[in-house]
Amino acid sequence: MHASVARKPEARLTTAAPPAFAGSFDLPTRQSGAFHLSPLTVSEFGEHALIARITARLTRPSWVVVGPGDDAAVIEPERGSLDVLTTDAQVEGVHFDRRFVPPDAIGHRALAVNLSDLAAMGACPRAALLSLMLPGDFPMEAVDGILDGLLTLADRHRVTVVVGNVTRSPGPVIVDVTAIGAVRPRRVLTRAGARPGDEVYVTGQIGGAAVGLRQLQATVGGPSGVATDLQVCRYLRPEPRVRAGLLLGRNRVASACMDLSDGLADGLRQVAAASGVGIAIDATALPVDENVREYHQARGLDSVEGVLAGGDDYELIFTIRPAHRRRLRAVTRLMGDLPITKVGTVTRDRRVVVRTPQGDRDLPAGFEHFR
Ligand SMILES: [Mg+2]
């Protein structure tokens, strides 16, 4: 195929430079019988067969003009919409630990964190680009698992994986995803629109994923398997709030919006800084599961502090003008079971403070890489 496509940059960050699933349509497929010799490692399987195996699982809607098998993908933009682009990687040892995060959860998380970013912009997700960096001894079964998790979530949100790349990793497993969404002009949500007097809301419940992660960490080397409770699930398979983000944008409810990847404290700081305002949070209003509160109390920890600092929730925080409360109520009804909780107010004073019955206090630090 010789479609007029933009060339990929020649300088690549990888040691080997495999083309993006190139030539994969000529290679053995799942039906060829070559894949029943498990458990195989990625090295034994080989790059081309690996690419073919991944490509065989991808769907191709009509707006994908050139799909997997060429140097790059070509897609038709959505009419009347702006493209929204985001990228985020899951790195073994930084974002997940293979000892307690199953392959499907690695795949799910890799896409979920990107869909969450699109949701925060009010965008409808459309396409994703996948780059897999795998050590040679990585089992093929686990590759299938990563794809299971990623493609199941993609299906649920009608996201098409349009192109990808596989590279040998000298160490950690890395799943790098770029996601593309569409949003109408003037429906874009950003972090920068909050004004003094606006109300601050959060979707769902917060603090659960961080507790789930700690529960999982405690099971490493333990006698039994992993507990499958709500908090563990929140960490392993976060649900990106795609519908909530779309509704907030389309109905012009939110003045500012952001997704929570690195904790509520970090989110509040980012929105406040981008909008040039302060925020006062009511500690007693935070939507926290009883289990999460008990988890902290049982360990003599401050649950407000834990909930504000804990990351990985992937809920949305957003602000609204008080005059838009009725709009918010209408939108909330469309969100179904997802709770929406008012947690604070935007202030002119640029500090971000937590109001507790014992007085105001400063926010705990959120997670930050390289610190
Ligand atoms: Mg984000």
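Predicted model: local features only at pLDDT ≥ 70, side-chain atom pairs only at ≥ 80, totals over all residues.
1. A residue is called buried here if 20 or more other C-beta atoms lie within 10 Å of its own, and by that count 47% of the 371 residues of the chain are buried.

2. As for the overall make-up, the secondary structure of the chain amounts to eleven helices and 13 strands. When contacts between residues at least 6 apart in sequence are considered, 85% of them join residues at least 24 apart.

3. Strand 5, covering residues 160-168, has seven of its nine residues buried, and it is therefore largely enclosed by the rest of the structure. Strand 4 (residues 124-134) runs parallel to strand 5 and is joined to it by eight bridges, with Ser131 standing opposite Asn165 of strand 5.

4. Helix 8, formed by the twelve residues 264-275, reaches 16 Å from its first C-alpha to its last, which is close to the 16 Å expected at 1.5 Å a residue. Just after helix 8 comes Gly276, whose phi is positive at about 65 degrees.

5. The buried residues of helix 8 are Leu264, Ala265, Asp266, Gly267, Leu268, Val271, Ala272 and Ser275. Their cover includes helix 10 (303-309) together with several strands, namely strand 8 (254-259), strand 9 (278-282), strand 10 (316-320) and strand 12 (352-356).

Note on methods: Residues numbered from 1 in each chain as written. Helix = DSSP H or I, 4+ residues; strand = E, 2+ residues; numbered from the N terminus. Expected span 1.5 Å × (residues − 1). Buried ≥ 20, exposed ≤ 12 C-beta atoms within 10 Å, placed from the backbone. Contact = placed C-beta atoms within 7 Å. Pairing = 2+ DSSP bridges.
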